[in-house]
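Please read each point with the model open beside it.

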Amino acid sequence: MAIARTAPVVVPPRSWLSDLRAVRIVWHRDLIRYWRDKPRMIASILQPALYLFVFGTGMGAGMRPTGGLDLRVFLYPGVMAMATLFTCFFSAGSIVWDREFGFMREMLVAPVRRYSIVVGKALGGATAGMVQGVLVLAMGPLIGVTFTPLLVLVLLAELIVLSFAITSIGVLVAVKIKSFQAFMALVQIIIMPMFFLSGALFPLRNLPTWLHVATLIDPLTYAVDPMRRAVLSRVSEAEAFGVTWSGWPIPTFVELAIVAGTGLIALAFAAHEFGKME
Amino acid sequence: MTLAVHVRGLHKRYGDIEAVRGIDLDVNAGEIFGFLGPNGAGKSTTIKILCTLARPTAGDAKVAGHDVLRERDEVRRHIGLVFQESTLDDYLTAEQNLRFHAELYGMPSKIVAARLEQVMEMVGLWERRTSRVQTFSGGMKRRLEIARGLMHSPRVLFLDEPTVGLDPQTRASIWRYIRELKQREMITIFLTTHYMDEAEYCERIAIIDRGTIVALDTPENLKAKVGKDRVQIGTADDDAAIAALKAKFDIESANREGLVTFAVENGEQFVPRLFADLGVPIRTVHVARPSLDDVFLAYTGSTIRDAEANALEKAGGMARMARVARR
């Protein structure tokens, strides 16, 4: 069998450029996998749709917990955050998956800095989370949210910060956990409280102290709040739902800084832990 | 010329277990070098250290002239790896797996397509490049892993049990690639195996047992050190033949299963003399070289199968019982 010969390849020495290429390809691979996993995509559209249209419509018709405001419009930013939260965590779980199925080794022996793999993973999960958030975002007009270019831009920006932060937390958990079952269990333990305490489902006012304090610790609170503020910006009572520090409504940029900061710290820890992996 | 692998005083300890206890090793560039030993002897641990996946507890190791601790990136640039377990992404196509590798290794983009075709042609998977790896058989996956390990033209290719669990036909073709590789790109092949017949393909073999190297030489020399070939002849008169062997060659022989059987050095060279001088008509001749099984037995005191069985027993906490039983 005659085989065309090519000259032996010369792998260039490692540089920031090779690290950047590694980030890009790790990110690209996660997207290919996300795109191919159609059942997961469908499932992850169904869940927010159920919350928004079934829960929002049914609950809103009977009890009017948000006064004159359509409950679905109130839930809309929360459900957007929820969809992002779930998708990001599952995407981060691919790290555990890769380790169980061996692919991790392929990445661990490559001549690149380990952090580039972690960053690639975080960006991959964040992108998937973004796509998910945008799918929910697109449901807005169906429940009477009027889009303006500014509103869409603000929500997109907030989704980017949220996706990145959540995936980073997920990556940190994934790096520390050895088996996929354990990861899934831990994700339930982390995701559900984050979701319920974030104010995605109810206004963060007039809460008992213990619950109020718990909501303040949840980083997701600071992502749901500015998104809701943007959506309700033309409703006068908007601020009456929001989270406050002793009565002080927290400005959007502070909230987003908290979310982004949490993400960066998580990512830094994840990169550090990942670097030690044998 | 730089040594492909240079190891001195290598130790690796996991908690109480000393997996590697003082290994010295030199592998020449372009050599096919085999690491032979039972499961749990320290083969995989040594490979992991050489591939920068584990840190040695003590000792020095250089691969392609670079220190595995201080120059990790340099080592990684120059090695290719094929592990026992699959490290492919089943959800991606064969080509996507290889392209991922090319990007991760920073291969110049211009040459990726040509190189991809070359390595996939070599392992006979070019036609299947757009299939997802999910649909591949075990043998195809292993071939794809070898192709991937070669994408970036490594100086040293590490193959950890490259043919374990494969059918004989696939094993044969994998060995064909290995030899082709060595010729074409002067790649050093460092492989581990616990198949005796595969070790024969290597130019040199290190026999490793309980974390140390107990013998290191060419298969021929190892076998020669173990000793004699076994010769079996069918004759017209076995008793006369046995008497003649004793009288003319001073060789003790015995009748086993209807054949006169004896041991002699360089059996193939002895046979012509036998025909000329025995004086008893010979109908059949069979000369068997000592096998690596004999070699392993001679150096470790147990056959490779027994050694593995013992390793398993130890894992089960039955070490003491097994030792008592052997005495």
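1. In which loop of chain B is Asn266(B) found? In this predicted model, Asn266(B) belongs to the loop that runs between strand 13 (259-264) and helix 10 (267-277) of chain B. The phi angle of Asn266(B) is near 45 degrees, a positive value in a residue other than glycine, and Asn266(B) is exposed, with 12 other C-beta atoms within 10 Å.

2. A second residue to look at is Ser153(B), whose phi is near 50 degrees, which is again a positive value in a residue other than glycine. Its place is in the loop between helix 5 (138-150) and strand 7 (156-160) of chain B. Is Ser153(B) buried or exposed? Ser153(B) counts as buried because 21 other C-beta atoms lie within 10 Å, where 20 or more are required.

3. On the confidence of chain B, the mean pLDDT is 84, and 91% of the residues of the chain reach 70 or more. Confidence in chain B is highest in helix 3 (residues 94-104), at a mean of 95, and lowest in helix 13 (residues 319-326), at a mean of 40. Over residues 316-327 of chain B the pLDDT is below 50, and this stretch has five contacts in the model beyond near neighbours in sequence.

4. For the complex, the predictor gives an ipTM of 0.86 together with a pTM of 0.81.

5. Turning to the interface, 32 residues of chain B are in contact with 27 residues of chain A. On the side of chain B that touches chain A, the elements that give two or more residues are helix 2 (72-77), helix 3 and helix 4 (109-122) of chain B. Of these, helix 4 of chain B gives the most, with six residues. Sorted by residue class, the side of chain B that touches chain A divides into 15 nonpolar, eight polar and nine charged residues.

6. As for the overall make-up of chain B, its secondary structure comes to 13 helices and 14 strands, and its C-alpha trace spans about 75 × 50 × 40 Å along the principal axes. Buried residues make up 43% of the 327 residues in chain B. When contacts in chain B between residues at least 6 apart in sequence are considered, 69% of them join residues at least 24 apart.

7. The C-alpha atoms of chain A fill a box of roughly 75 × 40 × 35 Å, taken along the principal axes.

8. What share of the 278 residues of chain A count as buried? The figure for chain A is 46%. Among contacts in chain A between residues at least 6 apart in sequence, those that join residues at least 24 apart come to 83%.

Definitions and conventions
Residues numbered from 1 in each chain as written. Chains lettered and ligands numbered in written order. Predicted model: local features only at pLDDT ≥ 70, side-chain atom pairs only at ≥ 80, totals over all residues. Contact = placed C-beta atoms within 7 Å. Helix = DSSP H or I, 4+ residues; strand = E, 2+ residues; numbered from the N terminus. pLDDT = per-residue confidence, 0-100. Nonpolar A, V, L, I, M, F, W, Y, C, P; charged D, E, K, R; others polar.
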